[in-house]
Every structure is written in C-alpha cells, then in structure tokens.
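Hi,

Here is the structure I said I would pass on. Have a look at it first, and then read my notes below.

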Amino acid sequence: MAVDAQSLVRRAARGTTWAQFVDYMSPALYEVMPLRSIFVQGKEFISNGLDSARFAQARQQVEAWLQDQGGGIQLGAGSKRDGEQCLSDLREDARRAIGQQILELYFGQIFTSDHAILDLRAESFAAAEEGILWRPRSIYLEWQPEFLRGLRDLYAGFYLDDDPRFERGLDGLNLEEAGDLLVSHLGNGDQRSVRFEMSVFQSSFHQMFLRCRDRGISLHRNFVALGTYLVCLYHVLETLDLELDVRAAFERIHA
C-alpha cells in the first residue's frame with residue numbers, strides 16, 4: 001500500500017514545483033498518513049501556487065516582519081542578476097551570519113504568523129550589494145490552528161526547557177510515542193553548535209514515522225508541509241557547511 005501511495009504522489013507531483021520534494025519524503029510517511037490527507041494537503045499547495053493575489057499577501061506579511069527584524073534578509077523580485085553571489089561562495093563569517101538569519105526566519109514564520117512561505121532552498125537566496133535577497137517561489141500555506149498550536153508548544157517547550165509545554169506539544173501533534181526521537185532530532189546538549197546534514201534529517205524523520213507506524217499512529221496532514229519546510233531549511237543550511245547556534249536564533253525570535 002505504501003509503495004502504491006508513493007507512486008501516486010510521484011505521478012501527481014510530476015512537472016510541478018513539488019516534484020523535487022517528493023524524493024525526500026520517507027516511505028514510512030505514506031503509512032502514517034491517510035492518502036486522502038496527503039492529497040488534500042497537495043491540493044492546497046497547488047491552489048495556493050496558482051493564486052498570485054494570495055501569495056502577494058503572504059509576501060507582504062513576511063516582508064513587514066523582515067523589516068522589523070532589521071532588514072538582514074530582504075524579499076527580492078525577478079530573477080538572479082549579474083554580480084549576485086551564491087551563499088556558499090561567501091566568507092565563513094558572512095555565511096554564519098546568514099545562517100543565523102535564516103534560522104530566525106524559520107522560527108519567525110512559525111511563531112509570528114499563521115502563514116508560512118516554505119521555500120528556503122539555497123537557490124532562492126542570493127547575496128547582493130543591498131544585502132541578502134530571498135526570492136521564494138509560491139510554496140506556502142496557512143497552518144491548521146491545532147497543528148500550529150502543537151508545533152509552537154513543541155519548539156517553545158524544548159528550547160525554553162519547559163517540559164510540560166513540550167509534552168503538550170507532543171500531545172497536540174499526536175507524537176507522544178516519539179518524544180525521545182524528537183529530542184534526538186532537535187539536538188542533544190544546548191544546541192549552540194549544530195551542523196545541518198540532509199541525510200541526518202531524513203534518517204531521524206524516517207525513524208519517527210516508523211515509530212508512529214508501529215504504534216498505529218496517524219499524523220496530521222500539515223506534517224507534509226512541515227517536512228517540506230524542514231527539507232528546504234536543511235538544504236540551505238547544509239550548503240553553508242558550518243555549525244550554527246540554533247538556540248540563539250530561537251531566543252531572538254521568542255524574546
């Protein structure tokens with residue numbers, strides 16, 4: 001059944017922006033999420049991608065937040081221009097500063113809005129004279145309220161060392177049986193020096209989905225969106241090739 005579902009999703013995504021993300025999905029995902037839920041989430045993505053007015057509104061919200069943060073990252077328009085650099089070509093100190101800003105962008109969208117633009121891929125960023133330009137494609141969504149509430153509780157509980165809130169987040173996301181795996185994924189120690197590797201992300205989420213499958217747990221459809229958001233985050237941060245202070249990024253957003 002899982003193989004059949006995965007094949008259906010691949011065929012549905014063929015020729016779309018989403019095709020590149022399907023390969024990163026754990027096969028176990030299709031065993032812990034009803035196929036209908038996957039297609040409902042996919043239909044929402046496609047509908048959003050075709051609605052330029054709605055995407056413009058989402059961009060405006062993010063742009064206002066970025067400006068409030070100090071303008072380290074700016075939303076860009078058009079295509080990449082001559083003279084702009086890939087983030088991976090910058091000096092280490094510049095890459096580190098940009099990595100911290102992208103982490104803040106990741107957490108900021110979760111904690112300050114009910115919408116999120118998910119496209120954090122490395123190719124959506126460029127370094128220019130005016131700063132770091134972010135040209136995301138129309139890969140965005142509005143989180144379901146119960147999922148977003150659980151996600152916020154999970155992150156805040158973990159990084160604020162608030163065990164009751166972390167447990168509440170696990171309960172809200174139906175992940176009580178996988179709490180130890182999530183702690184391992186989020187990082188042992190104080191998370192002040194974390195290196196992002198796509199292979200590690202894929203392995204940890206695969207193990208989490210396997211645990212849920214073995215315990216008969218069904219997951220919310222927004223896990224497809226969260227997985228996509230994390231794939232994009234890991235994609236860009238892996239290209240920076242250095243360790244980052246994840247806790248500091250969270251603390252700056254949650255201050």
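Let's start with D161, which counts as exposed at 58% relative accessibility. For that word and its relatives, buried means under 20% relative accessible area, exposed means over 50%, and partly exposed is what lies in between (1.4 Å probe, protein chains only).

Before going on, some housekeeping. This is a predicted model, where local features need pLDDT of at least 70 and side-chain atom pairs count only at pLDDT 80 or more, while totals for chains, interfaces and linings use all residues. Residues are numbered from 1 along each chain as its sequence is written, and side-chain values use heavy atoms, with hydrogens and water left out.

Back to D161: although it is not a glycine, its phi is positive, at about 55°. You'll find D161 in the loop between helix 7 and helix 8 (163–172). Helices here are DSSP runs of H or I with at least four residues, strands are runs of E with at least two, and both are numbered from the N terminus. D241 also has a positive phi, near 60°, and is a residue other than glycine. It sits in the loop between helix 11 and strand 7 (243–244). D241 is exposed, with a relative accessible area of 52%.

Now for helix 7 and its partners. What do helix 7 (residues 145–159) and helix 9 (residues 179–186) do where their axes come within 12 Å? They cross at roughly 65°. The axes are lines fitted to C-alpha atoms, for helices over the stretch in contact, and the angles run from 0 to 180 degrees between N-to-C directions. Helix 7 and helix 9 are therefore roughly perpendicular to each other. (The labels go like this: under 35 degrees is roughly parallel, over 145 roughly antiparallel, 65 to 115 roughly perpendicular, and the rest oblique.) Helix 7 passes helix 9 in a right-handed crossing; right-handed is when the near helix is turned clockwise from the far one by less than a right angle, and left-handed is when it is turned anticlockwise.

On the helix 7 side, L154, Y155, F158 and Y159 meet L182, V183 and L186 of helix 9, where contact means heavy atoms within 4.5 Å. By class, this contact has seven nonpolar residues, no polar ones and no charged ones. Nonpolar covers Ala, Val, Leu, Ile, Met, Phe, Trp, Tyr, Cys and Pro; charged covers Asp, Glu, Lys and Arg; the others, Gly among them, are polar.

Helix 11 (residues 222–240) is another partner: its axis and that of helix 7 come within 11 Å and cross at roughly 45°. That makes helix 7 and helix 11 oblique to each other, and their crossing is right-handed. Here F147, L151 and Y155 of helix 7 meet N222, F223, L226 and L230 of helix 11. Those residues divide into six nonpolar, one polar and no charged.

With helix 12, the axis of helix 7 comes within 11 Å and the two cross at roughly 115°. Helix 7 passes helix 12 in a left-handed crossing. Y155, A156, F158 and Y159 of helix 7 make this contact with V246, R247, F250 and H254 of helix 12.

Leaving aside neighbours within four places in sequence, V246 is in contact with L103, F107, Y159, Q191, V194 and F196. The C-alpha atoms of V246 and L103 are separated by 6.9 Å, though these residues are 143 apart along the chain.

By contrast, take S199 in helix 10 (residues 198–214). S199 is partly exposed, at 47% relative accessible area. Its C-alpha atom is 22 Å from that of F125, 74 residues away along the chain.

Cheers
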